[in-house]
Amino acid sequence: MAEVRQRRGKKEEPIGARIVELATDDEESDTPVPKPARKPSAKELVDDNEGYSPWVDVLRVLSFLLFASCGLSYLVSGGESFTWSMRTPPKYMQLDWWKAQFQGPIYLTPAELAQFDGADETKPLYLAINGTIYDVSSNRRTYGPGGSYRFFAGADAARSFVTGCFAEDRTPDLRGVEAMYLPLDDPAVDSRFPAAELAALKERELREARGKAHDALAHWVRFFEGSPKYPKVGYVKKDKDWLDKEPPKKLCDAAAKGRKPRKLPGSE
């Protein structure tokens, strides 16, 4: 009887809970357990390396460099060449330009400067203005032989920059160049002025003409000084008395034809 009472006193677990617990155990037992990744064997690694060829990558790099070189050559040469076979390479591809960067300014006599007029294509192309030499090799089409400004090359042609007489005025001698800005004497008009007033008028005209000549030359000096295309490379060597050895130049015909007769004030 005591055993029966003990069994009746024990609390029984619900049947539903047993079923859920059994089902959970079954699901956990069915879940596949991941296996650790297998490391490739030494033989497999050797086989993979033997199948790789570095020549494919080498060919790709060489092809890229070839196309890049052709494209860069086309851009640098302005469409002239794909293979760097330029007639006139840029200054940074010329040995003389690099020498000038390290050697400092050069000093050339007028006779030495004349050797850089473009006739010898192995030499740079120089021009000078007001005693300063510039390298214009980057524009041989204009300043070289046959170019419209070929008269400037190989010389200090400061006078021609003012007068516009390229062939006649290939000299730095500016004496008398202001005359191109002076009015012509007109006896009929000049007689209307008292002598002192006419003298004062001519002095003012001469002062203004010299200012115009100076401004005309200064315009071109500033142009070359500020141009990244034409680097300054040196200076022209001249004797201190070089002007005394040169006869004064006559005003060229083209500049002389631009002069007008003097007019009375207020009649312009």
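**View 1. The buried side chain of S137.** S137 is buried, at a relative accessible area of 3%. Buried means under 20% relative accessible area, exposed over 50%, and partly exposed in between (1.4 Å probe, protein chains only). This is a predicted model; local features need pLDDT of at least 70, side-chain atom pairs count only at pLDDT 80 or more, and totals for chains, interfaces and linings use all residues. Residues are numbered from 1 along each chain as its sequence is written, and side-chain values use heavy atoms, with hydrogens and water left out. S137 sits in the loop between β3 (132-135) and α7 (140-143). Helices (H or I, at least four residues) and strands (E, at least two) are DSSP runs, numbered from the N terminus. The S137 side chain makes a polar contact with the side chain of D135, at 2.5 Å. A polar atom of the S137 side chain also lies 2.7 Å from the backbone nitrogen of L125. A polar contact is a pair of N or O atoms within 3.5 Å; within protein, one must be able to donate a hydrogen and the other to accept it, and residues adjacent in sequence count only if both atoms are side-chain atoms.

**View 2. The four-stranded sheet.** The sheet is open, with strand order β1-β4-β3-β2 and mixed pairing. Its edge strands are β1 (106-108) and β2, each pairing on one side only. Neighbouring strands are turned by 35 degrees against each other on average, direction ignored. β1 and β4 (residues 232-236) run parallel and are joined by three bridges. Two strands pair if DSSP finds at least two bridges between them. I106 has G234 in β4 as its bridge partner. Helix α10 lies across β2 and β3, running at about 140 degrees to β2. Axes are lines fitted to C-alpha atoms, for helices over the stretch in contact, and angles run from 0 to 180 degrees between N-to-C directions.

**View 3. The largest nonpolar core.** This core has 27 residues, and I129, V136, Y143 and F224 have the most contacts inside it. A nonpolar core is a set of buried Ala, Val, Leu, Ile, Met, Phe, Trp, Tyr and Cys residues joined through side-chain atoms within 4.5 Å. β2 (126-129), α8 (158-163) and α10 (195-225) each supply at least two of its residues. The largest share, six residues, comes from α10. Y143 touches L125, L127, V136, Y149, R150, F152, A153, F224 and Y230, not counting residues up to four places away in sequence. Contact here means heavy atoms within 4.5 Å. Another core, of eight residues, lies apart from the largest one; A128, I133, V233 and V236 are among them.

View 4. D185 and K202 form a salt bridge, with their closest N and O atoms 3.8 Å apart. D185 lies in the loop between α8 and α9 (187-190) and K202 in helix α10, so the pair ties together parts 17 residues apart in sequence. A salt bridge is a side-chain nitrogen of Lys or Arg within 4 Å of a carboxyl oxygen of Asp or Glu. K202 is partly exposed, at 33% relative accessible area. Salt bridges link D185, D190, K202, E205 and R262 in a network. By this rule, the count comes to ten salt bridges.

**View 5. Two further salt bridges.** E208 and R204 meet through their side chains at 3.9 Å, N to O. Both residues are in helix α10, four residues apart, separated by about one helical turn. E208 is partly exposed at 44%, and R204 is partly exposed at 40%. The side chains of D239 and K245 meet at 3.1 Å, N to O. D239 is partly exposed at 47%, whereas K245 is exposed at 54%.
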